[in-house]
There are 2 protein chains.
Amino acid sequence: MTKKNFFLSRVYGLLEPGPVVLVTTARKGRANVMTMSWHTMIEFEPPLVGCVISDWNYTFGLLKATRECVINIPTMELAKKVVGCGNTSGAKVDKFERFRLTPAAASRVKAPLIEECYANLECRVVDTRMVSKYCLFVLEVLKAWIDPAVKNPRTIHHLGKGHFMVAGRRFKLPSKMK
Amino acid sequence: MTKKNFFLSRVYGLLEPGPVVLVTTARKGRANVMTMSWHTMIEFEPPLVGCVISDWNYTFGLLKATRECVINIPTMELAKKVVGCGNTSGAKVDKFERFRLTPAAASRVKAPLIEECYANLECRVVDTRMVSKYCLFVLEVLKAWIDPAVKNPRTIHHLGKGHFMVAGRRFKLPSKMK
């Protein structure tokens, strides 16, 4: 894998623009992937992420049991696989095999990184108080990886019912914001 | 105002792609605006939104006291004003005046809509249990407005430190997702 370590203090810039992500989990030697876009940064450093994973997703039980996952950020090239993962359930299908996604070993968690994604965030569940009411997990990012070759990632953003937009052109304005 | 009612069941499609938004609050006849991009959908209908508003923001106190706000969604044309609102504090500046934003009366809350934004979501705070630890408010969208003339809103997405991307081209794939 040609990915490099990415500073934890900069992780917010990857998730804040709202990309669709692929969440990987693993249990008893079997890995799963789900498509997700209900997430928000909660804290800069250590990076905390809030994410909503419905209890009718196969991932819900895996995440609750193992308290570990990886948030993988795909780009436009993977759009069909991303939607495919959203249309199928890990209870029935090995999605790594079905969608030809390549698992790679993570360093801090048992869930795999997806090689094809340009960034991977290894996470641990740190707060489950909002799970029973909202299916909202608070995750801490323990380790982040990025492909340094991807300069302007064309992330995918869900608009509902299969409609998406791709990250467009970039601009900069003088800002005091982090 | 030429905006129309927007179905609450479709609100998720506005926030899910991760746009920077302007949050308006009002107290004792004075309104404020802040720039925010740490938010996520939590439930489809009634639409619940989780948003992180740091306690060093002037809006934090206003939202805690009034338990009401409006989430206004700006597009590219407003980028300078959006960043301007992020660079200043409502404790010192009347941002509606400074940035020439037009307040309009909301129907369910006292906080104003921003006319220049293509969509406005009138919200009430419904859960504050995560406020002390994470500054995370759970909001319920009570009423939503949209400008029907805006077909492909060029929303703004924050990448950190004044870098942004604009919503790019759209595509559709067969999806079972809502």
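A:P46 sits in the loop between β4 (39–43) and β5 (48–52) of chain A. Helices (H or I, at least four residues) and strands (E, at least two) are DSSP runs, numbered from the N terminus. The peptide bond that leads from A:E45 into A:P46 is cis, with omega near 0°. Chain B repeats this: B:P46 is placed in the loop between β4 (39–43) and β5 (48–52) of chain B, and the bond from B:E45 to B:P46 is cis, with omega near 0°.

This is a predicted model, in which local features need pLDDT of at least 70, side-chain atom pairs count only at pLDDT 80 or more, and totals for chains, interfaces and linings use all residues. Residues are numbered from 1 along each chain as its sequence is written, chains are lettered from A and ligands numbered from 1 in the order in which they are written, and side-chain values use heavy atoms, with hydrogens and water left out.

### The pair

How are two copies of a chain related? By a rotation about an axis and a shift along it. Here, a rotation of 180° with 0.0 Å of shift along its axis places chain B on chain A, with an RMSD of 0.0 Å. The two copies are therefore related as by a two-fold rotation axis. The same surface serves both copies, since 100% of the contact residues of chain B recur in chain A. The superposition is by least squares on the C-alpha atoms of residues with pLDDT of at least 70 in both copies. Contact means heavy atoms within 4.5 Å.

### Chain A as a whole

Chain A has five helices and twelve strands. Its radius of gyration is 15 Å, close to the 16 Å that the globule rule gives for 178 residues, so chain A is as compact as a globular protein of that length. That radius is taken over C-alpha atoms, and the globule rule is 2.2 Å times the number of residues to the power 0.38. The C-alpha trace of chain A spans about 50 × 35 × 35 Å along its principal axes.

Of the 178 residues in chain A, 62% are buried. Buried means under 20% relative accessible area, exposed over 50%, and partly exposed in between (1.4 Å probe, protein chains only). Among contacts in chain A with a separation of 6 or more, 63% join residues 24 or more positions apart.

A:L22 and A:T25 both lie in strand β2 of chain A. A:V33 lies in strand β3 of chain A.

| Residue | Relative accessible area | State |
|---|---|---|
| A:L22 | 1% | buried |
| A:T25 | 0% | buried |
| A:V33 | 0% | buried |

Which residues does A:L22 touch, leaving aside its neighbours within four places in sequence? Its contacts include A:V33, A:V70, A:C85 and A:I114. A:L22 and A:C85 are 63 residues apart in sequence, yet 8.3 Å apart in space, C-alpha to C-alpha.

A:V33 is in contact with A:L22, A:C85 and A:I114, among others. A:V33 and A:G90 are 57 residues apart in sequence and 7.1 Å apart in space, C-alpha to C-alpha. A:T25 touches residues including A:T59, A:L62 and A:L63.

In α2 (residues 58–66) of chain A, the buried residues are A:T59, A:F60, A:L62 and A:L63. Their cover includes β2, β3 (30–36), β6 (68–73), β9 (119–127), α5 (131–134) and β10 (136–146) of chain A. Just after α2(A), A:R67 takes a positive phi of about 55°.

Helix α3 (residues 79–87) of chain B buries B:A79, B:V82, B:V83, B:G84, B:C85 and B:N87. Which chains cover them? The cover includes β12 (163–172) of chain A, together with elements of chain B such as β2, β3 and α4 (95–98).

### Exposed loops

A:K28 lies in the loop between β2 and β3 of chain A. Is A:K28 buried or exposed? At 79% relative accessibility, A:K28 counts as exposed. A:K28 has a positive phi of about 50°, although it is not a glycine.

B:K161 is found in the loop between β11 and β12 of chain B. B:K161 is exposed, with a relative accessible area of 54%. Its phi is near 50°, a positive value in a residue other than glycine.
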